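Thanks for coming. I will keep to the interface today. Please look at the model on the screen.

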Protein chains: 2
Amino acid sequence: MNVLIVYAHPEPRSLNGALRDFAVQRLEAAGHAVQVSDLYAMNWKATLDADDVTDRPPAARFDPSLDSKRAFAQGTQRDDIAREQAKLKWADAVILQFPMWWFSMPAIMKGWVERVYAYGFAYGVGEHSDTHWGDRYGEGSLAGKRAMLVVTTGGWESHYGPRGINGPIDDVLFPIQHGILYYPGFEVLPPFVIYRSGKMDDARFAQTRDALGERLDGLWATPPIPFRRQNAGDYEIPALTLKEDVAPERVGFAAHVDGAGR
Amino acid sequence: MNVLIVYAHPEPRSLNGALRDFAVQRLEAAGHAVQVSDLYAMNWKATLDADDVTDRPPAARFDPSLDSKRAFAQGTQRDDIAREQAKLKWADAVILQFPMWWFSMPAIMKGWVERVYAYGFAYGVGEHSDTHWGDRYGEGSLAGKRAMLVVTTGGWESHYGPRGINGPIDDVLFPIQHGILYYPGFEVLPPFVIYRSGKMDDARFAQTRDALGERLDGLWATPPIPFRRQNAGDYEIPALTLKEDVAPERVGFAAHVDGAGR
């Protein structure tokens, strides 16, 4: 199978760098083809702007959505964007690996999402009708592919527990796992999270590496998070609220996971 | 009073641009001093990297936290970072205005947070003991200041309702409001959110502008979101989980708001 690792850490001689190298080796040893988009090493342009479209009259008003739509349809996107889209099409599985900074992905990776996720590629796909509100949240251009986060964080596991001060890790990652990965069609596997990344000794590193190895071995066998499909009957359209009889007691992010405990 | 608007939209001739201009006028007309950090116009460097520290041996291993700590302490940060820190110190209130892209702030603003929020400035502040786990979540360098988000989103209000598919807006914004603003000490006002930003006619724009004006007039009177203070007795230290007798039935983001309905 084909695996794309999108990776964002400024220092190769880091915990993230070591785990990235390990992941590539482990996947290749299992016979998979691996590509790495090492965003720092690529000097990835983080900022979405008018320069992302190569055929604009310079004085024209820039519309991030509509210019993206036209450029994607007409093949006038910047080359760096088109190359990443081709990698996504090539991949059977995508791993986003990053240190959590301020409760989300580093800016350079957020900019990868914003620029690569063109209108017509990752959103604005499919028809809108009374029963179908675009191909998204379970359908879309990236349907049939799997995705997984590999995340390091300085905080402790308890800080990200159900009643931890930072909020539950599943909720902190929901805007990424549901909003960025499930939205264009990925099946999203449970994340691999490394807590207290600043307190890593040799024994804990070996343990972490082995646990990551098992997750990589299970990339095609691990059940994905059962997010609810937008157009499969659970939601009112176009309000996109859960129907009254679907998990009637529940609100918030977890209500969009079928069978979650709360 | 002094108000800093940190603003991120690539096109001045946009809804965001019009609301930004209106906000500056309204605040100045009320006698406030206003500075705007227009990140696109400033060509803000979005990516945190080793170039942010001016006194590093080029071959040294780059540690985002420890290099930030040393550079902040020794005055060897890049000038653009120090200038933004000075604006934050000057401000009595800070407004972050942005279009929501993929359920968070644009990369260029995320990079503003990552680079300006130095170790020793926005985190890594205060002592750690059995009763006090750093000056954060209600204490910190920015305590005594107020902050508010002004956010546009293409989605409908129902999509961000309690059972809406994108998740409740308060939860989508929690990593920013609690994790980025409350963490270093800001009092955080309820956000001003404009839904269906693509469907704005003159009447709705006038209504939106007036509603924003009222929120700006109330910048010093509006009660902040009652996030729980980390070191005031609600949390176990160092686990940083809510004590058993604090909102015992509740989990998730909302548990960290005193008196919230769920």
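How many salt bridges does the rule find across the interface of chain A and chain B? The rule finds 0 there, a salt bridge being a side-chain nitrogen of Lys or Arg within 4 Å of a carboxyl oxygen of Asp or Glu.

Some conventions. This is a predicted model, in which local features need pLDDT of at least 70 and side-chain atom pairs count only at pLDDT 80 or more, while totals for chains, interfaces and linings use all residues. Residues are numbered from 1 along each chain as its sequence is written, chains are lettered from A and ligands numbered from 1 in the order in which they are written, and side-chain values use heavy atoms, with hydrogens and water left out.

Now the contacts, meaning heavy atoms within 4.5 Å. They involve 69 residues of chain A and 69 residues of chain B.

Last, area. The two chains bury about 5300 Å² between them, 63% of it on carbon and sulfur atoms; this is accessible area (1.4 Å probe) lost on being put together, summed over both. Of the area that chain A buries against chain B, 20% comes from Trp102(A), Arg163(A) and Ile165(A), more than from any other three residues.
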